[in-house]
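Subject: Structure for you to look at

Dear colleague,

I am handing over the structure below, and my notes on a sheet and on a pair of helices follow it.

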Amino acid sequence: MISRRTAMVAGGASVIVAAGGGVYLASRDKPEPPAPPSVDGQNHLLWRNWSGIAYAYPAVRSAPRDEAGVVAVLQTSKAPVRVAGAGHSFTALVPTDGALMTLDNIAGVSGWQGDEAVVWAGTRLGVLGPALAERGRAMANLPDINKQSLGGCLGTATHGTGATIQAIHGDVTALRLATVSGEVIECDARQNPDIFQAARVSLGALGVITQARLKTIANRNLHRRVWVEPLEEALAKAEERWAKHRNFEFYAVPFTGLAANISHDETDAQAKPRGPDTDSAFLEVLKQLRNLTRFSAPLRKSAAEALLGSAEPEEAIGQGWKLLSTERPVRFNEMEYHLPVENHLTALKEVVETIEAKRPDVFFPIEVRRIAADDVWLSPFQGGPRGSVAVHCHYKDDYDFLFELIQPIFLKYGGRPHWGKLHSLKARELALLYPNWNDFLEVRRRLDPDGRLLNPYLKELFGV
Ligand SMILES: Cc1cc2nc3c(=O)[nH]c(=O)nc-3n(C[C@H](O)[C@H](O)[C@H](O)COP(=O)(O)OP(=O)(O)OC[C@H]3O[C@@H](n4cnc5c(N)ncnc54)[C@H](O)[C@@H]3O)c2cc1C
């Protein structure tokens, strides 16, 4: 997120902060949150999500090697039967005390139909990028990281940013879905179209997607630019930047008056590699400023402006799969809502104001993205483009305020939650947000009448 020069500034801040308040810092940095035991009373091994807040002790674990193996697990294993991707969701979609399945052994590109790639659902995005590039092709867009499985991305409507670019499920033209009845259903816009509308975003609640056919684009170089500027300026220019750039997002940095912008545009220019990752140093500075100055917002702001405000822009040129996703080594919990575009920046401003007024412990930048419309029944982008706002909390910090203070703002402005990120909505509220909610429930009941795929979280979500 910041240039090497800024990283040096960031390093300097650590020194200043350490010199000015090492003891203070040591007493303020929080201990590790308690970890659940690694086995339960019946010797079942712990499963835990990336951030650590969702966990379970599945009675049975399996890693089928083919579709027949997936079907066998779905039909015969102890319910609830859940499929995990990379475990990068924050909501309790995956936890089960029944059977947990991974598709890690059912991965890779299985073939091509013209420029559409037929991809096994266990494939991680980080593996898919280079595999498509071998044929001169690429995914149109990628999320912030590339650790997720394709099946997991479809499970929760995972997306990147770009006003004209859809979430990953928008590129799916056909699917194979293994169900608890033992069938493997092929679906696309013509064949089983209702299942296709439901399955492209389905939270692992209809069956296991074993394979998807994906539209791809030419694997062009992208020019990446990252620059810091006053938040006011970023807000004023955001709409024109979404219109201008292939991919554009910005991070509003609370308590600093600053924003970090990131754009990517196609280019024929030669590759210019990214420098080493400096995002963690940037976060560390923000955390230390929080620790040192949390009771003095003006001091925090002026220190941040002095340290980060004059950061030099970062530039890099390379293939999209190398630039669009980055590493996120600092763990966090997150709430992200997708808002009608007319309310996008208004909601963001209210979120920033609320955090600055009430939560001096927050230091993570707030991520602001744009996603194009699609028509998938449970897609947050169904029916119109959406602007997303994502609030992150360090994994050691309290995140209850996301539900108490931030979610009401998102709901007031017509937001729909990211399925994989924190929210507290249940069937009654969700039915009001999704015009095809009941159509989805009907397909779910048809494909899994006994609810073998439903864990407690999904039962509540669907009102079963
Ligand atoms: C550091 C970090 C960065 C992130 N960045 C972004 C981002 O930029 N954009 C964004 O939109 N999200 C982002 N996310 C959220 C993440 O992309 C989603 O939560 C995604 O679903 C995780 O994929 P996974 O493979 O880990 O799936 P899991 O979390 O393991 O599973 C997610 C859901 O998909 C279901 N599922 C998995 N495989 C299949 C299958 N084969 N068939 C049917 N259902 C299946 C699961 O049962 C579950 O319901 C981020 C998360 C983290 C931790």
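In what follows, two strands pair if DSSP finds at least two bridges between them, and strands (E, at least two residues) and helices (H or I, at least four residues) are DSSP runs, numbered from the N terminus. This is a predicted model, in which local features need pLDDT of at least 70 and side-chain atom pairs count only at pLDDT 80 or more, while totals for chains, interfaces and linings use all residues. Residues are numbered from 1 along each chain as its sequence is written.

The sheet is open and has 5 strands in the order E6-E7-E11-E9-E10, with antiparallel pairing. Strand E6 (109-113) and strand E10 (184-188) are at its edges, and each has a single partner strand, so one side of each lacks a neighbour in the sheet. Within the sheet, the antiparallel strands E7 (residues 116-120) and E11 (residues 208-215) are joined by 5 bridges, and alanine 117 stands opposite leucine 214 in E11.

As for the helices, H10 (residues 344-358) and H11 (residues 400-412) pack at an angle of about 165°, their axes being 10 Å apart; axes are lines fitted to C-alpha atoms, for helices over the stretch in contact, and angles run from 0 to 180 degrees between N-to-C directions. H10 and H11 are therefore roughly antiparallel to each other (the term covers angles over 145 degrees). The contact is made by Ala347, Glu350, Val351, Thr354 and Lys358 of H10 with Leu405, Ile406, Ile409 and Phe410 of H11, where contact requires C-beta atoms, placed from the backbone, to lie within 7 Å.

Best regards

Conventions: Parallel < 35°, antiparallel > 145°, perpendicular 65-115°, else oblique. Contact = placed C-beta atoms within 7 Å.
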